[in-house]
Amino acid sequence: MQPFTYARPASLTEAFTLAQQPGAALLAGGTTMVDLMRGDLTAPSSIVDIGHLNELAAFDTSGPVLRFGALARMADVAEDATLLSAYPALAESLQLAASQQLRNAATVGGNMLQRTRCVYFRDGVSACNKRVPGSGCSALDGITRDMALFATSEKCIATYPGDWGNALAAFDTSVEVSSASGTRTIPFAELHVAYGDDPAVETTLRRGEIITAILVQATPAGRCSTYLKVRDRQSYAYAVVSATVALEMQGDVVQSARVSLGGVATKPWRSHAAEAALTGVTLNEQTALAAGHAGFADARPLAENGFKIELGARAVARAALVASKRI
Amino acid sequence: MDGSIGTPIPRRDAMAKATGAAQYAADFGHTGTAYAALKLSSVARGRITRVDTAAAEAVPGVQLVLTHRDMNQDLGAETFIMKGGHMQSSFMPLTSDEVHYSGQIVGLVVADTTEAAEQAARVLNLEYAAQHGFASIDDPGRTKNTVEKPEITVGDADAAMAKAPVRVDQEYSTPAQHHNPMELYATTASWNDGKLTVHSPSQWVMGQRAALATIFGIAAEEVHVVSPYIGGAFGCKATLLPHTVLVAAAARRLGRPVKLVVPRDAMFTVGSFRPATRNRIAFGAERDGTMVAMVHEAVGQTAEVDHIAFPGTNVTSRMYDIANIKTSESTIATDVNTPGFQRAPAEASSFFAFESAVDELAVALGMDPIELRIKNEPKVDPVKGLPWSSRSLVQCYRRGAELFGWDKRTPGVGSMQTDDGVLIGYGCATATYPSAMVPAAAHVALSADGLLRVRTSAHDVGTGAYTVLGQVAADVLGIADEHVRVELGDSDLPSGPMSGGSVTTGSAGSAVHMAAMALREKLLLVATAAKGPFAGRDPATLQFASGHVVGADGTAHSLADILKASPAGSLDASAEWKPDLMDAEKMQASLLGGFALEGPVTKTHAIYSFGAQFAEVRVDPLLRTIRVSRMVGAFACGRIINPRTARSNLAGGMVWGASFALLEQSQVDHPRARFANQDLAGYHISSCADIGEVTAEIVDETDTVVNAIGAKAVGEIGIVGMPAAIANAVYHATGIRVRKTPILIEDLLG
Ligand SMILES: Cc1cc2nc3c(=O)[nH]c(=O)nc-3n(C[C@H](O)[C@H](O)[C@H](O)COP(=O)(O)OP(=O)(O)OC[C@H]3O[C@@H](n4cnc5c(N)ncnc54)[C@H](O)[C@@H]3O)c2cc1C
Ligand code: SF4
């Protein structure tokens, strides 16, 4: 860990000022930021601790737009009764993430911005374009089981790991961000960028911007939804693949579908191809699996992660069947 | 509470551990302590060509920067554990510019704070002339080194195999694994008047003492190694690790206590690990299931700098009544830290292979796998023809099958399913573990306050030694558990054995028993002496019960009363115990910090614990995820001193076995020749949610041969059969035979 200064602003306004300084980084629950700093994976010169700013911790799931304050705790949101019944996919994505202790401390805003679990990024020694721009990508000829199938580049093939972000991608989500110079709203699909030419750039946030809220357009498909996480162990593990499916059904026929995939792309990945394949069809095991395969038609497998194409397709199929029963 | 042998009293140290009162190595503090941090090599092989300490030394608070340029003259030579010494490896970091593996210690920085030390270690600048390294036995071009001696040959396996009507012949592989105990390695070293005190979690304080004395050129009595509590060891804290030496050297130079807590990622390379294996197993059998031939070729990973092997052939060759056996072992050297002991070092990996192969044979024969095993149960040791000290494997199978409900198993692949189509598989496998014995010393004392103190430098690595060693003494003297105090894990105590190889209860327990018997004699002498309460009676008629000595007529006198009749008002006794067949000289060397083993195969007997293990798995038909819903193990390990702590060890081993089967692997990054997943997020072990029902059953068994207290090995056997039992269950559920661990989703996707 490198030396840094620590500030605990008394208000959001003060936080805006502090966050503006070069080298400043925000600390919310700290559950991943502290790890990154201790591993020298990031070395901010100043830490702006916003974790206690309660005005950003409220959330409201009842209106036409669901609003989650960025500092709402994962555990609190995961237990929200409205969310559980009206948007089970969102609640499940949080319940299945990390551990109860971490969820008690971690925020929904911080969760979206967690960084990849790529072992080469995390080890602090191997060449990694994300950690040290221009140093190369060790994963390319290394262990690729956990690497991405979509939106990869020559420079980086790591997956985006957050369960909550992967689930949010299936919905009409946007992110409200504020800074000393004002407030803007970013469509969620534009918050994260694929790890392209400069994998160190992961989001479109500008210097000094603080996420204040996450906004989700209410939809009846929310009720008919699920987040399916396939992992190597039953708990406390990142997704090998995940599938979020939200449906509007008429009888057995899918009226509209929302599908996003996790563990397979360099950013939260909405699968319009799987959605198209589901829309209008009579849902059964075959059509669900066909839609899953459609979602992976453009996948670009690496040496060890090709199995995720079949596994991911099956995950979409299972999620669609589970979601469809939640009428 | 009655704490006699066989009583399931709770752990003596449970409250201290649960409340945080127990002090682990990293908790010990001295005023004026300085803090150390390690610099690890980023290349796997090569030389250090340049050292630039300027930036490190410039970090405020830095006191000392050590690299290979500064160390040579400091250290006396100590040898590798496998060559009769105490070190984890033959290679001592910082003694040359050579780099033998990624993550090797190449620098040590000491500062006033941990933060400053870590920062300085980060900016300590080393340059390397690096060569390409290999960290996996599967890397092309790796050569096999055949080990000449340990081949076992009985009959003519090749000829018998060729004639056998039913054969199976397969290769199985297991990856490198790391112990990952909760408690990190930690060392605090301080010097006082030329004497060294080291706090460090250790399974072998006497060995560490001897080694540190050699290295620093002082007498053994001038070294004090303290390790009262250990937060998990599993073999990785058995030997002396290089960082402990370096911390002690730094403390001597600075004239100030130095503390180092090794971070999790460094735990993968500064200590040892379980090496990767490849085992070829072949069986030949008659159609009725009679096994006629067995071949086991074991290939294990070792380090370039050391040869160490855990082939398991010594054990696999003793499981079945086979007239023709051939085994061989070889190693493949890789550019990694030296592998070492990890719970059931030889047995866990080899039995995954061996007991999977037995299951394959059962399938090939169309036989029930338990009946196949029972049919081939050997009456004597198939290798030497010696009798078993005890062997109750068949009883274990019968009892385990009953508890598990094996009779509900339908043999067809995929034939058992839940209502919603989840595939159920039942599998079983045999477990065994050798019961070797090591000399040990103990001291017991009974004082006027009524307390019985039991002292030996054996260790409680979380297994219950504090509890069971007290019970052994209390049992002899009829003393209630609350009056017993046990001291362990301190090199100033009478010499106990390394707590490895499941020897502690049997060996240290025998020494405690011997000392307690001597104390009993003394008490009887005092009691029946002229001034004693039982003056004139025959000592043979007196009993010890409930803190009293009781005569045949029912008269009872408390131990306190008897002590009053002794000159000092208290009594104590010491004992040095050795296995029956060991000579006294070997015992003495062992007590001074050597490790003289007797058994498991002695001149007269083969001495092993045995168990039968069962697993039920549930495989999702679509997603192919595997869940271990139930595990049952039935074990016969001689006399059980404390069923509660015994079960806890056995169940813990079974849980680890489930991790072994489905999760654990130190992933090798081939291009850079290093272990890649060096944290607990990447190195998966079972979470609570992964483990369903666990039943560890103890089958009654009497063993009059093994040692003074009749206790065979308990600590490691629980892991041994579990990986194969699970793999066999996965086969039963899916029809897919996975011959490697961990068994992952993609292995079953088809
Ligand atoms: C062992 C382990 C296992 C885990 N398993 C999972 C898992 O299975 N699934 C999963 O999804 N996650 C998992 N996580 C990640 C965990 O969920 C995240 O650490 C957590 O959600 C981060 O939230 P936080 O509030 O602690 O963020 P912090 O650590 O405080 O911050 C994270 C990042 O977000 C930035 N940030 C925080 N708040 C804001 C804001 N309001 N505006 C702008 N930037 C902000 C910070 O600057 C930092 O870059 C795991 C973590 C650990 C340690
Ligand atoms: S995949 Fe991305 S994060 Fe991983 S090593 Fe390559 S550049 Fe770094």
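Predicted model: local features only at pLDDT ≥ 70, side-chain atom pairs only at ≥ 80, totals over all residues.
The domain assignment divides chain B into domain 1, covering 25–131 + 183–233 + 237–270, domain 2, covering 343–435 + 602–748, and domain 3, covering 439–591. Taken over C-alpha atoms, the centres of domain 2 of chain B and domain 3 of chain B are separated by 37 Å, and where these domains touch, 18 residues of domain 2 are in contact with 17 residues of domain 3.

As for the polar side of that interface, the rule finds zero salt bridges across it, while six residue pairs, both members at pLDDT 80 or more, are counted as being in polar contact. On the domain 2 side, β17 (423–434) and α17 (643–662) of chain B each supply at least two of the touching residues, and by class that side divides into eight nonpolar, seven polar and three charged residues.

Strand β17 also takes us into a sheet of chain B, an open one of five strands in the order β16-β17-β25-β26-β29, with mixed pairing. At its edges stand β16 (416–417) and β29 (691–698), each with a single partner strand, so one side of each is left without a neighbour in the sheet. Further in, strand β25, residues 608–619, pairs with β26 of chain B in the antiparallel sense over ten bridges, and within that pairing B:R618 stands opposite B:R627 in β26.

I turn now to the contact between the chains. Chain B and chain A bury about 2800 Å² between them, 56% of it on carbon and sulfur atoms. Of the area that chain B buries against chain A, 20% is supplied by B:L622, B:L623 and B:L749, more than by any other three residues. The contact takes 32 residues from chain B and 29 residues from chain A.

How many salt bridges does the rule find across the interface of chain B and chain A? It finds six, and I would point to the salt bridge that B:R674 forms with A:D123, in which the closest N and O atoms are 3.0 Å apart. The count of residue pairs in polar contact between the two chains, both at pLDDT 80 or more, is 13. The elements that give two or more residues to the side of chain B that touches chain A are α4 (114–123), β26 (626–636), β27 (668–669) and α20 (745–748) of chain B, and α4 gives the most, with three residues. By class, that side has 15 nonpolar, seven polar and ten charged residues.

Finally, a second sheet of chain B, where three strands form an open sheet in the order β4-β2-β6, with antiparallel pairing. The edge strands here are β4 (98–99) and β6 (125–130), each of which pairs on one side only. Strand β2, residues 46–52, is joined to β4 of chain B by two bridges, the two strands running antiparallel, and B:G46 stands opposite B:V99 in β4.

Key. Residues numbered from 1 in each chain as written. Chains lettered and ligands numbered in written order. Heavy atoms only, no water. Pairing = 2+ DSSP bridges. Helix = DSSP H or I, 4+ residues; strand = E, 2+ residues; numbered from the N terminus. Contact = heavy atoms within 4.5 Å. Buried area = accessible area lost by both parts, 1.4 Å probe. Salt bridge = Lys/Arg side-chain N within 4 Å of Asp/Glu carboxyl O. Polar contact = N/O pair within 3.5 Å; in protein donor to acceptor, adjacent residues only side chain to side chain. Nonpolar A, V, L, I, M, F, W, Y, C, P; charged D, E, K, R; others polar. Domains from an automatic or database assignment.
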